[in-house]
Amino acid sequence: MENVVLVCTAGMSTSLLVSKMKKIAAENNIQINIEALAQSELKNYSKKIDLILLGPQVKYLLNNLERDYQNTQAKFAVIDSIQYGTLNGKAVLNQVLTLLDKKVI
Amino acid sequence: MLNKFMRLMENKFVPVASKLGSQRHLIAIRDAFISIMPLAIIGSLAILINNFPIRAYQNFMAFLFGPEWTSFSNYIYSGTFAIMSLLIVFSISYNLADSYDTDPLLAALISFSAFIITIIQSGKDGLTIPFQWLDASGLLVAILVAILATEIYVKMMNIIKLKKQKEEGTMSPILNRYFFALIPTIMIFLIFSLMRIVFASFGIENIIEEIYRLIQLPLMGLANNLGTALVIVFIGHFFWFLGLHGTNILEPVIQALYLPALQENIQAVNNNLAVPNIFTKPFFDSFVYMGGSGTTISLLIVIYLFSNSKRKRDLMKLSSTQSVFNINEPILYGLPIVMSPIYLIPFIFTPLILTLSSYFAILTGLVPKTIAMVPWGTPPIISGFLITGSITGSLLQIFNIFIGILIYFPFVKIAERIKE
């Protein structure tokens, strides 16, 4: 099962988005693990990561991700700010599915 | 014209803010302060329990636990806020080494030792650690020592790692790990003890005291000035306006300047002295950033009371729970405030004006100075009471929210008229 993490400063504002995404994923029978993390937790996250999505407010961490994850299979991207703000679980889930080369819903 | 301005901002300021926000040492400092936050909060609440300004409460506690009842909280304070520099040395070094993928625990232990080497004093009973410098007054030295020791450690370990790869060792890995760390450890201890001797030859025995007097004190003086506070609030919100987490980017600076200010206040309360500082970390968190950056709790109330836009009302419902805990990303990105020229004005001016109103409320003595730390997510009105120990703290928050409503109101209306 693919492992996706959403990162923001304290892991709080993304957690609401993650719970929406999980609900939609479950409704559509999509087997995917999604978690919200604080940026400081990412470093010590032990599971294998397939995709890291950054909240738009921490998009400046993109360079650090490129540095830290260059030798892994992890992909990374920034969440669109309007979809992030409106907590659009479906749109962000579709972004995840696209990035993981899966069929969108 | 407006688009040109926005593009200029994107191209000129976003890269600078991004650099600041992703800078390795600043991240290590910020995360270090975040990790010691539980201890700082407990320590400050302990002092608040001791000094709650109600006579009946004081008498009751003394009756219940005896006249020495306050020593209980004093112990907690001694183990938390009073040794903040020790905690910070350890946690900065840990975070920094971790960011380099170098053994963080060893780095933190070495930095801890290096800090002790830097501050140890000879007293009449032999060597002593000067306890009064372990609180926030030793913070600058703690930050410098942690970064210096960790950098030396990481650089040397990297050289050793390269050498080691050429001649694969036969020792067990755990032995390997500590054996090879010996060389950098010795080097670091040599450097730091030599530094002591060099400083001593210039007549400086107490390095912490000198650096505090020459650098940290002037810096804190500068920080506790209305102009500086306004500039910090402005920069934080300007970054947010560009879509970047301004308060998070500035966090290392804010923590390093305004947490010591709070600690001075707490200590003054505990020693029955006049409380010195108006601007502290909780001053901004609780009086200005209510509902999150931009005091968006006022904006939500405006939308709740006066807006007919379905989209705005949906967004308000969606984010109201989070807003109570001062989290407002949905409003910032969803309304959006970010990069919106209409909301730029109230988003930046509300917090600036509330910084002014809170400053004058405290300056004139209407509201007492802040004397306790609460988590930044503590809901407004509750937090105002907790950080000042006075109901006037909550009243100031209500007043500020009201001012915010007045500022946001016309702009919400303008935004709606433009949409139509």
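## The interface between the chains

In this predicted model, 20 residues of chain A are in contact with 22 residues of chain B, two residues being in contact if their C-beta atoms, placed from the backbone, lie within 7 Å. On the side of chain A that touches chain B, the elements that give two or more residues are α1 (13–27), α3 (62–68) and α4 (81–85) of chain A, where helices (H or I, at least four residues) and strands (E, at least two) are DSSP runs numbered from the N terminus. The largest share of this side, four residues, comes from α4(A). By class, the residues of this side divide into nine nonpolar, ten polar and one charged; Ala, Val, Leu, Ile, Met, Phe, Trp, Tyr, Cys and Pro count as nonpolar, Asp, Glu, Lys and Arg as charged, and the others, Gly among them, as polar.

Residues are numbered from 1 along each chain as its sequence is written, while chains are lettered from A and ligands numbered from 1 in the order in which they are written. Local features need pLDDT of at least 70 and side-chain atom pairs count only at pLDDT 80 or more, whereas totals for chains, interfaces and linings use all residues.

## Cys8 of chain A

An unreviewed UniProt entry carries the annotation "modified residue: Phosphocysteine" at Cys8(A); UniProt positions are given in the numbering used here, feature names are shortened, and annotations may be inferred rather than shown by experiment. Cys8(A) is found in strand β1 (residues 2–8) of chain A, and counts as buried because it has 27 C-beta neighbours inside 10 Å. A residue is buried if 20 or more other C-beta atoms lie within 10 Å of its own, exposed if 12 or fewer, and partly exposed in between. Not counting residues up to four places away in sequence, Cys8(A) touches Ser13(A), Thr14(A), Gly55(A), Gln57(A) and Val58(A).

## Chain B as a whole

Chain B has 18 helices and two strands, and its C-alpha atoms fill a box of roughly 75 × 65 × 40 Å, taken along the principal axes. Of the 420 residues in chain B, 45% are buried. Among contacts in chain B between residues at least 6 apart in sequence, 72% join residues at least 24 apart.

## Helices α13 and α18 of chain B

The axes of α13 (residues 296–306) and α18 (residues 391–419) of chain B come within 8 Å and cross at roughly 60°, which makes α13(B) oblique to α18(B). Axes are lines fitted to C-alpha atoms, for helices over the stretch in contact, and angles run from 0 to 180 degrees between N-to-C directions; those under 35 degrees count as roughly parallel, over 145 as roughly antiparallel, 65 to 115 as roughly perpendicular and the rest as oblique. The residues making the contact include Ile297(B), Val302(B) and Phe306(B) of α13(B), and Ile401(B), Tyr408(B) and Val412(B) of α18(B). By class, this contact has eleven nonpolar, two polar and no charged residues.

Eight of the eleven residues of α13(B) are buried, so this helix is largely enclosed by the rest of the structure. What covers the buried residues of α13(B) includes α14 (310–324), α15 (329–334), α16 (341–363) and α18 of chain B.

## Pro368 of chain B

Pro368(B) lies in the loop between α16 and α17 (382–388) of chain B, and with 18 C-beta neighbours inside 10 Å counts as partly exposed. Leaving aside neighbours within four places in sequence, Pro368(B) is in contact with Thr388(B), Gly389(B) and Ser390(B). The C-alpha atoms of Pro368(B) and Ser390(B) are separated by 7.2 Å, although these residues are 22 residues apart along the chain.
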